[in-house]
Amino acid sequence: MPRAVAGPEIERLIQLIARLPGLGPRSARRVALHLIKKREALMAPLAAALTDALGKIVECRRCGNVDVCDPCTICTDASRDRRVLVVVADVGDLWALERAGALNAPYHVLGGVLSPLDGVGPEDLNLARLVTRVHEDEVGEVILALGATVDGQTTAHYITDLLREAQVRDAQVRVTRLAQGVPVGGELDYLDEGTLSAAIRARTQM
């Protein structure tokens, strides 16, 4: 087991940074060292921002997005097309689509995808609220912006059947999903804006 090279406060900082996605022990040490070298210009403002965010961030009860207000900024944006609802697995996917700027519609965050191997079933996702929103908002099209993984495809088919069985608005709601541009096995948060825009434009009927 490697020996500590600094005091417990610095070692704890390194250990916490190493928990972030995409960072291992070596990368965490480089990040920690950079923060230490830039204590006044970077570490202090970052610590203040984290403390401020911790006390203000909430989950939107309407769509599942994270923001500092509830309902969130997107849900209260009157310029968005309420006839369309974009369903995503996680908040990271929502942010990715917003960066692409290909849509001007509200979102619905599921909180994951169906994954029997991981023990994630329909009851673990924000599905009941989805059906309610489609009915209450008189949505005409639901865009399933889910990753092209096996679990993502399974979730897309489940939602399609769920909406059809619910007979929302006593009419068939148009359910579409992302088509070309999203590679098989790909996750939305890792795709570039051009690829996401092309996938939105080429969405297909389920």
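Colleague: How do you know that Leu130, Val131 and Val134 in H5 meet H6, and which residues do they meet there?

Modeller: In this predicted model, these three residues of H5 meet Ile159, Leu162, Leu163 and Ala166 in H6, where contact requires heavy atoms within 4.5 Å. Sorted by type, the residues of this contact are 7 nonpolar, no polar and no charged, with Ala, Val, Leu and Ile among those counted as nonpolar. The helices themselves, residues 128-136 for H5 and 150-166 for H6, are DSSP runs (H or I, at least four residues; strands are E, at least two), numbered from the N terminus.

Colleague: Why is H5 called oblique to H6?

Modeller: The two axes, which are lines fitted to C-alpha atoms over the stretch in contact, with angles from 0 to 180 degrees between N-to-C directions, come within 11 Å and cross at roughly 50 degrees. That makes H5 oblique to H6, because angles under 35 degrees count as roughly parallel, over 145 as roughly antiparallel, 65 to 115 as roughly perpendicular, and the rest as oblique.

Colleague: Which residues touch the most other members of the largest nonpolar core?

Modeller: They are Val86, Val88, Leu97 and Tyr107, out of 27 residues, a core being a set of buried nonpolar residues joined through side-chain atoms within 4.5 Å. Strands S3 (84-88) and S4 (107-109) and helices H4 (91-100) and H7 (193-201) each supply at least two residues of this core, and H4 gives the largest share, 5 residues. Leu97 touches Val86, Val88, Ala102, Tyr107, Ala145, Leu196 and Ile200, leaving aside residues up to four places away in sequence. A second, separate core has 19 residues, including Ala89, Val131, Leu144 and Leu146.

Colleague: Why does Thr154 count as partly exposed, and Glu138 as exposed?

Modeller: Buried means under 20% relative accessible area, exposed over 50%, and partly exposed in between (1.4 Å probe, protein chains only). Thr154, in helix H6, has 39% and therefore counts as partly exposed, whereas Glu138 has 52% and counts as exposed. Glu138 lies in the loop between H5 and strand S5 (141-144) and, although not a glycine, has a positive phi of about 50 degrees.

Definitions and conventions. Residues are numbered from 1 along each chain as its sequence is written. This is a predicted model: local features need pLDDT of at least 70, side-chain atom pairs count only at pLDDT 80 or more; totals for chains, interfaces and linings use all residues. Side-chain values use heavy atoms; hydrogens and water are left out.
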